Amino acid sequence: MNVVSFFAGCGGLDLGFEQAGFHVVWANESEPTVRDTYIKNHPNTEFVLADINTVSPDTIPDSDGFIGGPPCQSWSVAGKQRGLHDERGKLFLTYIGLIEAKKPKFFLIENVKGILDDKFKDVFEDFLSRLNAAGYDVKWELLDAVNYRVPQNRERVFIIGFRKELNITFTFSIPTCFAPITIEQAIGDIKEALIRFYGGKVKERLRMQCMYLDYSRRTIRRV
């Protein structure tokens, strides 16, 4: 199945969908510094570097699904939580508008836990109402990555919608582990020697790093 990606960043969410068997045919991101990284890791995806507000629905390929996580700063407890009073917060509505315009078979929206705060209750319910009115059966859930074999507490809200005429009953996956996975369990088999940081110019710093690595193997070679 083909999907298109919004707020793609370096392509982490896209990678997950690709590993699940989807084909990400088109991706949009406004941050230029991630472009090379995205293209390097997703060579078969058309990458569009542009402000999502300037993207016309007509230029978005037809696809089975939309995926994306609108900017979270407006909702995060680590920020000022200005919600729709922040231009970044309004991008949530922009994304919903594109879903309404293109009507893919399904969509996924991801965001931070803060969007569930009482101060955003009416806004969040309005988002769900708009998606329902656009013709989707909508489900949402607060999930924590630590329950899915990731050694990190990372809570995120996922909103999933399928077009009503498809008659799909969606349920979120149950946790795949009930005891936290530790960092040691996850990457404890990595035995590479410690790379120490030394000040100075990049070339000299790399030379010292290589010398340190070789010394850990009881040899020193010239770089």
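Tutor: Start with contact: heavy atoms within 4.5 Å of each other. In this chain, 58% of the contacts with a separation of 6 or more join residues 24 or more positions apart. The model is predicted, so local features need pLDDT of at least 70, side-chain atom pairs count only at pLDDT 80 or more, and totals for chains, interfaces and linings use all residues. Residues are numbered from 1 along each chain as its sequence is written, and side-chain values use heavy atoms, with hydrogens and water left out.

Student: How many helices and strands are in the chain?

Tutor: Helices (H or I, at least four residues) and strands (E, at least two) are DSSP runs, numbered from the N terminus. The chain has 6 helices and 7 strands. Along the sequence they follow β-α-β-α-β-β-α-β-α-β-β-α-α.

Student: At what angle do helices α3 and α4 pack?

Tutor: Two packed helices are described by the angle between their axes and the distance between the axes. Axes are lines fitted to C-alpha atoms, for helices over the stretch in contact; angles run from 0 to 180 degrees between N-to-C directions. Helix α3 (residues 91-102) and helix α4 (residues 121-133) pack at about 10 degrees, with axes 10 Å apart. α3 and α4 are therefore roughly parallel (under 35 degrees; over 145 is roughly antiparallel, 65 to 115 roughly perpendicular, the rest oblique). On the α3 side, F92, L93, I96, G97, I99 and E100 make the contact. On the α4 side, F127, R130 and L131 do.

Student: What is the phi of K103?

Tutor: Most residues other than glycine have a negative phi. K103 has a positive one, near 50 degrees. K103 sits in the loop between α3 and β5 (106-112). Its relative accessibility is 36%, so K103 counts as partly exposed (buried is under 20% relative accessible area, exposed over 50%, partly exposed in between; 1.4 Å probe, protein chains only).

Student: Where is N167?

Tutor: N167 lies in the loop between β7 (155-163) and α5. Its phi is also positive, about 55 degrees, although N167 is not a glycine. N167 is exposed, because its relative accessible area is 66%.

Student: How much of the chain is buried?

Tutor: Buried residues make up 36% of the 223 residues. The accessible surface of the chain (Shrake-Rupley method, 1.4 Å probe; for residues, only the protein chains shown count as cover) comes to about 13,700 Å². Carbon and sulfur atoms hold 53% of that surface.

Student: Which helix holds I187?

Tutor: I187 is found in helix α5 (residues 183-187). At 47% relative accessibility, I187 counts as partly exposed.
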